[in-house]
Amino acid sequence: METPISKDKSTHTNSFSHPSGGLGGAVATRNACKLCAPLGASVAFKGIRGCVPIIHGGQGCATYIRRYLISHYKEPVDIASSNFTEESTIFGGGANCLAAIENVISQYQPEVIGMATTCLSETIGDDVKFYIRNYKDLSDRETLPHFISASTPSYQGSHIDGFHEAVASAVKSIAEGGEKGEHLNIFPGFVSPEDIRQIKTILEDFTIPSILLPDYSETLDNPIWESYHRIPEGGTPIESVKKCGSARASIELGTILNKGSLSGRVKNNALATTAAEYLQESFGVENHRMPLPLGVNNCDHFFETLSQISGKSIPMKYTKERGRLIDSYVDGHKYVFGKRAVVYGEEDLVVALSSFLNEIGIEVALAASGGESGRLEDEIRKYCPENTPEITVQNGYDYEMIHEWCIENKPDILIGNSKAYYIARELDIPIVRCGFPIHDRIGGQRIKHVGYTGTQELFDQIINELIGYKQDHSEVGYKYM
Amino acid sequence: MNDILKERQNQVVTKGKDDAAIACGKASVAGSVSQRACVFCGSRVVLYPIADALHLIHGPVGCAAYTWDIRGSLSSGPQLHRLSFTTDLKEKEVVFGGEPKLYQALISLIDNYKPKAAFVYATCIVGVIGDDVEAVCRRVTREKGIDVLAIMSEGFNGTKKDGYKLACGALSKLIGTDQTSIVPEHSINILGDFNLAGELWMLAEYYRRMGVNMVACMTGDGRIDDVRKAHKAKLNVVQCSGSMTYLAKDIEDKYGIPFMKVSYFGIEDMSDALYEVARFFKSDEMIQKARELVREELSKLLPELQKYRAQLEGKKAAIYVGGAFKAISLVKALRLLGMKTVVVGSQTGNQDDYNLLKELCDEGTIIVDDSNPNELSEFVKQTGANLFIGGVKERPIAFKLGLGFCDHNHERKEALAGYEGMLNFAKEVHASVCSPVWKFMK
């Protein structure tokens, strides 16, 4: 021991206090409200048909990410690792990369291999694209899978940056131009499998041919199997990704995406280009960027855009859904008005949720994300016209900062993923779980956030949580609300 | 089965068919979707339960995010271990070095949370970018007056087992630093129990009833000051031998304290763990008390178990867990419930563990080291298992195939150790195998 310490010299408190302010993200991150980039890339790769992701780095990265995803999706999530050793770190990960590709092909016969890098392989300067070319040259296999490689060091941006990077890489390496078709590209962003199913249903009801990328509505939410599938069915087929370049237009959900300028990602560099931007620049596919269709305003925007692009009118089914949603807004408005909410998680979800809460009269007291785009504040103010001045918006926040904020500001409800449960529990604040991850409940993959019905489900849950809280804390309990 | 990767074929043996010894302790094959994690993971899981220490992960955000509150290790006091601290390195630090950020993070966290000691875990890129973590730790030790220990657990630098060793090394540095405390005559340390679902409290109570005092548990419900005086115990009782044997041997070398390997899963092993300790102290009174305790506990437990056994008799189980020692106990515990083990494997077992398993299991049992989802699903199908026992990553494999699953990993919320734990185990196996939902799988 450098300086042997006698035990009575250190001061010890049995329960630690929560220092308010002062500490935080500037120095250490305490309970991070974000994950690392290869996780996002892995999820996106899972949404491509026949794709097996390989994480080029240490074994732990793949295993930790698998465990994290499995706990949310409750599905097998196979992600291979190139399993770096000390030698690969010193001499480069080429040999391991090639071995990993070969072993994944022989075990899985994948249509596509999605390679995501890690902080380790990026720091030592591994060139994965070169390794892939190398593998192709050396392989004597008759047919080879398609390769997509995403640059996802975890010291740049969050899992969301990794997600969009993987989607953009897929399009950049596979999309082709050609004569314009009737189809639309939809880039839904990091939504739930249920959300993807909902968006697909909407497009089917509109009878608009469309390509969703990625589409993990099946692969990360499988029905029961008779025999084990090494690669789950479903996902966007490669042929569809090819056709992205000849689409009539793209709809890109989310307005922050991977546009972050903080933590090393530089505006306008290739890493901050989204798939839809690339298609617009390279093939002239017009891009419609908008917030997630959550809340009446955002849904209207989405449906009107679909109608306008396709020249088709909005199906009656959705007009009715919208009507019912607004009817419930009226039924419930008194129970939510003026309540103060904390909304946290991925930036684009935080924007959409805030805008929804804003339209029902809930005050967004704090909108926080571990994401570091530096754009959250502008976007929130843009989409929350009702109570703009009151909102505190924080980029680069962690859960302990949210915790301390809640101790001081006593909000009425928390809305976001399951990781803030400990705050809700300690401070006796109701929590509505949505987004990613949901690790302490079943069904995270089936939470619907988008569309009028997704909004409806969230609205009912939020309002009932508030009503229930009041009922539980009332002295008499009551049978009518 | 044809689909086992060539490099892995000697890591699978079938009892009665293969005479060769199983290969183990190898690095995972690239691209094999191993269920293992990394060096960092090994260190982190072992030290995690020390509740009054600061655990700071030096590196980009992922490693800390994925290990936040990861184990169900309970603490009877401070809860500091349940917070996830990281230096969250960004590109700037990767280029210019992370030492200043590490230093500042340590200072501010120590000032604010007043931990008894701090563990700094170096992750993959820290060594690559050339941070001198140990120098920063020494400096903070001097300035703050608490031990700040560097765990050089770069993920690529070996396997999870190497991470265990590093964790043991850090504990070893703390042990022996309290010279003044006095402990009772019949004192032991419990090594390799992590107080999942309060299991340690149950075990400590059994020992207390026998007249045995516990000095330190490493690391369940762990406290730095207890670790410091661990060298005052007379005996180290080691569960989870995969992670803690290094430390037990180290203590034996330094302080001449012997150790014994035990397991607390299942009636036989649990009772042996008590008898062995009593025998060690050569106390008739203690042996007598242990017998009474076992008799008392069994008279409550056995009639209860019979109910479950009646319905479980003849069912087949597959086991895939982290450590092989646990697998051995599980085979025995399942036998007590009338069940047969048809597949058994671990992430980190050694040759002795696997030999023991081979001896213990019936003919035809598949024994496997460092397996993966493809193999496991294949084995399960081949053997017609009715139940899978494993951790989070094995669960969906079982469920997708319509197979009962029993969670025996570190996130569990029900105690499975001890006599009470055996009943919980029986209940869980019963619920997993006998649920009516499997009827829909046909």
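Predicted model: local features only at pLDDT ≥ 70, side-chain atom pairs only at ≥ 80, totals over all residues.
Residues are numbered from 1 along each chain as its sequence is written, with chains lettered from A and ligands numbered from 1 in the order written.

Okay, chain A. There's an open sheet of five strands here, ordered E12-E11-E10-E13-E14, with parallel pairing. Strands are DSSP runs of E, at least two residues, helices are H or I runs of at least four, and both are numbered from the N terminus; two strands pair if DSSP finds at least two bridges between them. E12 (392–394) and E14 (431–433) of chain A sit at the edges with a single partner each, so one side of each has no neighbour in the sheet. Neighbouring strands are turned by 20° against each other on average, direction ignored. Axes, by the way, are lines fitted to C-alpha atoms, for helices over the stretch in contact, and angles run from 0 to 180 degrees between N-to-C directions.

Look at E10 (340–344) and E11 (363–368) of chain A: they pair in parallel over five bridges, and A:Val342 stands opposite A:Leu366.

Now chain B. Beyond its neighbours within four places in sequence, B:Ile319 is in contact (C-beta atoms, placed from the backbone, within 7 Å) with residues including B:Ala327, B:Thr341 and B:Ile389.

And helix H1 (39–47) of chain B? Nine of its nine residues are buried, meaning 20 or more other C-beta atoms, placed from the backbone, within 10 Å of their own; 12 or fewer is exposed, and in between is partly exposed. Among them is B:Arg44.

Conventions: Contact = placed C-beta atoms within 7 Å.
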